[in-house]
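Open the model in your viewer and keep the selection tool at hand. The stops below follow one another, each with something to select and a note on what is there.

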Amino acid sequence: MKRALITGITGQDGSYLTELLLAKGYEVHGVIRRSSSFNTGRIDHLYCDPHVRGSRLFLHFGDLADSVQMIQLVYELQPDEIYHLGAQSHVRVSFDIPEYTGDVTGLSAVRILEALRKAGRDRKTRFYQASSSEMFGRVQEVPQTESTPFWPRSPYGCAKVYAFWLTVNYREAYGVHASNGILFNHESPRRGETFVTRKITRAATRIKLGLENSLYLGNLDAKRDWGFAGDYVEAMWRMLQQDEPDDYVIATNETHSVREFCEEAFSLLDLDWQDYVKHDTRYERPSEVDLLIGNPAKARRVLGWEPRVHFKDLVKLMIDEDLKLAMRELAMAQASDSLTPLPPHAAPVAPDAPPAKARRPSRRQPARGGTRR
Ligand code: NAP
Ligand code: F7E
């Protein structure tokens, strides 16, 4: 049975990749951060008690900033494949915490690759680096391919460029089977809620049900090549099954603006996006990536990989799932609205006070703003 180690297993891609590898019969080990609140929601449906015979998913505490734990895990587990997906992955946030992003998104690659060497696994374990189209930044060519020069536009993009070249260097210097997947934006109902697609589908569906009334966004002109995360993890796996390691662009070869995404999402709910979307400069970036569109011809030719979900189907998939979520939220709000009044002993009451009324939580939530990016 093949054994895989995944960093970032609790993230969007980690959860889809875990499903894929378990379905292929792998034993899967994932690194999770210790947190004061639960952070395993995306993989809870896959987890079962490790004492149960036949369990094939195991979780280990660790942090990408801690090389000691990474060495220990590689040494103990002797994995056949490592998928390095963990990162501070939010581009706007990387401008606020550039040093941390450099550490966790960039330097973590060297921590893992060195762990492979220290554990004597450099010629045995195959390594996948989650590289990003953000490395193309101010694009030098349209569409972007594996040979398009990088021009990153954020601390996140710079950190990914470092990790990209480090992966290439360990391949050349030490013969590690190390591959870069240069993945363009990929989304799903499991996408973090502060990335623009999910921010839009969450808000649009909540607006439809009267749970919210507006959505604040930044730059609507930016264009992205958006695919489906479930398709993209298949490409990661295929890269590590090749005889030779290499670097691949994974994209749909279609591009759409944030404005088009809004139009499509709201219109699926019979709403006009212009009635609800407002502008807030806080969601703009000090330097923006205006246009991304990838050419996945090499992945098609060598890996036999094709994207199956395209723009309209992706938006629909996300809207359908978020509508179900919003309906559950509405049902919960209605249930708490209909709560019977609190019993008199529930709160201290002045002897001459009028009869107590139940405190009813408001169904209306603030517009998507606050610390959201
Ligand atoms: P994501 O949902 O943000 O997940 C990031 C994962 O990294 C989470 O599991 C997170 O743990 C973990 N993580 C963050 N900091 C950590 C630390 N210090 N120690 C240990 N774990 C840490 O990202 P994603 O969308 O799945 O993307 C996966 C990878 O692909 C990332 O490297 C991202 O940069 C890259 N990428 C993504 C896209 C895309 O469009 N999605 C495109 C190209 C490349 P918590 O759950 O505890 O936060
Ligand atoms: O922004 C614009 C924003 O945050 C997309 C990460 O997975 O993909 C992702 O990075 C566009 C940008 O993704 C809002 O300015 C407008 O132009 O969804 P995003 P991203 O920055 O492209 C790459 C490939 C990765 O590797 C990253 O890890 O949308 N935009 N208004 C907004 N973006 C956000 N987040 N919030 C807004 O309100």
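The model is predicted: local features need pLDDT of at least 70, side-chain atom pairs count only at pLDDT 80 or more, and totals for chains, interfaces and linings use all residues. Residues are numbered from 1 along each chain as its sequence is written, while chains are lettered from A and ligands numbered from 1 in the order in which they are written.

**Stop 1: helices H8 and H10**

Select residues 258-267 for helix H8 and residues 311-337 for helix H10. Helices are DSSP runs of H or I with at least four residues, strands are runs of E with at least two, and both are numbered from the N terminus. The axes of H8 and H10 come within 10 Å and cross at roughly 55°, so these helices are oblique to each other. Axes are lines fitted to C-alpha atoms, for helices over the stretch in contact, and angles run from 0 to 180 degrees between N-to-C directions. Now pick out Phe261, Glu264 and Ala265 of H8 with Lys312, Val315 and Ile319 of H10, which make the contact (C-beta atoms, placed from the backbone, within 7 Å). This contact has four nonpolar, no polar and two charged residues. Here Ala, Val, Leu, Ile, Met, Phe, Trp, Tyr, Cys and Pro count as nonpolar, Asp, Glu, Lys and Arg as charged, and the others, Gly among them, as polar.

**Stop 2: the sheet**

Which order do the seven strands of the open sheet have? The order is S3-S2-S1-S4-S5-S6-S11, and the pairing is parallel (two strands pair if DSSP finds at least two bridges between them). Strand S3 (57-61) and strand S11 (247-250) stand at the edges with a single partner strand each, so one side of each has no neighbour in the sheet. From one strand to the next, the twist averages 20°. Select S5 and strand S6 (residues 178-183), which pair over six bridges; Tyr128 has Ser179 in S6 as its bridge partner.

Next select residues 67-77, helix H2: this helix packs on the sheet, touching strand S1 (3-7), strand S2 (27-32) and S3. The direction of H2 makes about 165° with that of S1.

**Stop 3: helix H4 and its partners**

On the H2 side, the contact is made by Ser67, Met70, Ile71 and Val74.

Then select H4 (residues 98-118) with helix H5 (residues 155-174), whose axes come within 8 Å and cross at roughly 15°. H4 and H5 are therefore roughly parallel to each other. Their contact has 12 nonpolar, five polar and two charged residues.

**Stop 4: the ligands**

Select ligand 1 and the 25 residues that surround it, the closest being Gly8, Gly11, Asp13, Ala87 and Ala130 (a residue is near if its C-beta atom, placed from the backbone, lies within 6 Å). Helix H1 gives the largest share of this shell, three residues.

Finish with ligand 2. Of the 23 residues around ligand 2, Val91, Ser132, Gly218, Ala222 and Tyr283 come nearest. By class, this shell has nine nonpolar, seven polar and seven charged residues.

Methods
Parallel < 35°, antiparallel > 145°, perpendicular 65-115°, else oblique. Contact = placed C-beta atoms within 7 Å.
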